[in-house]
Amino acid sequence: MRINTLDELLRAVQERPHKRLVVAWANDAHTLEAVNAAVEGGLVEAILVGDEAAMVKVCLEQGLPKERFRMVHAATDTEAAAKAVAMVRFGEADLLMKGLLSTEKYMKAILNKDQGLLDPGAILSHVTVMEHPGHPKLLIAGDVAVIPEPEFKEKVAILGYLVKTAKALGIETPKVAVLAASEQVQPKMRASAEAALLSKMADRGQIKGALVDGPMALDGAIDPESARIKGMGGPVAGDADCLLFPNLEAGNTFYKAGTKLGGAEIAAVVAGAKVPCVLSSRGDSAKTKLSSIALAALLA
């Protein structure tokens, strides 16, 4: 069954066996509220790694039952990240989540050559699922947070993560729009040329399990009327499920414009590691973090 809203995502995960979530430096109210809601809602079991006294204090202040969680003490955020990653590596947890520590420290622990969560040759990428008011379905976008200027092989990997996420959301044959400034192929623009290459690879079966078209401008990818006016044919035009952005600047601008100006709600994970990793901003709402936990549990 296709999932079309973030509320439907939560309900779908509730019906599955619980995954074990470990949170690195879980010392803040937003994180603990989201994790508590995820446990209370039957999404996951939770392990909190952080300053135990600080975590207990936040639980008491927020009225959260501390006995609902397993707590593991760490004196610093760096130690917490290392311990959380080790618990995943040794099979004690199925999902990883960032708490109050910086993205740099969180990613450094994941990327650690000897003690991290990355297989040789693996490519990490950020996948965002966005629910826009007025849009009839979820949009799956990448990369908006991790890879600044993806090379072609990285775009192939990002595309694969978008398709995997779409399929997990119940989309049997995802429609992927590879974005550029225009739907006209312009060889001097790398984004345009590489979009055309990805589209042709899909036509020839080198990319399987999805319908891929590009280059496409954003309006023609998601708006049927724009696609009609522009004379854009094919099943992806005006009806894309997945948006592959040419670089982080374009993707991040779309993401922030949607959330800050358009009222969009999101769920997001880092894909490519041994397990899905929740990478919400320290300033994200508890609702965003809860939806991201659900997405990670769905993908695990």
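Before you click on anything, here is a rule for strands: two of them pair if DSSP finds at least two bridges between them. Helices (H or I, at least four residues) and strands (E, at least two) are themselves DSSP runs, numbered from the N terminus. What you are looking at is a predicted model, where local features need pLDDT of at least 70 and side-chain atom pairs count only at pLDDT 80 or more, while totals for chains, interfaces and linings use all residues. Residues are numbered from 1 along each chain as its sequence is written, and side-chain values use heavy atoms, with hydrogens and water left out.

**Stop 1: the whole protein**

Zoom out. There are eleven helices and eleven strands here. The C-alpha atoms fill a box of roughly 60 × 40 × 30 Å along the principal axes. Buried residues make up 55% of the 300 residues; buried means under 20% relative accessible area, exposed means over 50%, and partly exposed is in between (1.4 Å probe, protein chains only).

**Stop 2: strand β5**

Select residues 125-131, which form β5. How many of the seven residues of this strand are buried? Six are, so β5 is largely enclosed by the rest of the structure. Show M130 and you'll find its bridge partner in β10, I266.

**Stop 3: strand β4**

Move to residues 95-98, which are β4. L95 and M97 point one way, L96 and K98 the other, and all are buried. Select residues 19-24 for β1, which pairs with β4 in the parallel sense over four bridges. Look for A24 opposite K98. β4 also pairs with β11, again in the parallel sense, over two bridges. In that pairing L96 has C277 as its bridge partner.

**Stop 4: helix α5**

Select residues 103-111 to get α5, whose buried residues are Y106, M107, A109 and I110. Turn the view to look down the helix axis: these residues fall within an arc of 155° (using the directions from the axis to the C-beta atoms), so they line one face of the helix. On the other side, E104 and K108 are exposed. What do the buried residues of α5 pack against? They pack against α4 (77-89), β4 and β11 (277-278).

**Stop 5: the cores**

A nonpolar core is a set of buried Ala, Val, Leu, Ile, Met, Phe, Trp, Tyr and Cys residues joined through side-chain atoms within 4.5 Å. The largest one has 65 residues, and L9, V35, V44, L48 and I140 touch the most other members. Helix α11 (residues 286-299) gives the most to this core, with nine residues. Apart from it lies another core, of 27 residues, including M107, A109, I110 and V275.

Now pick V44. Leaving out residues up to four places away in sequence, V44 touches H18, K19, L21, A38, V39, L95, I293 and A297; a contact means heavy atoms within 4.5 Å.

**Last stop: T288**

Select T288, found in helix α11. Is T288 buried or exposed? T288 is buried, with a relative accessible area of 7%. With residues up to four places away in sequence left out, T288 touches E265, I266 and S280.
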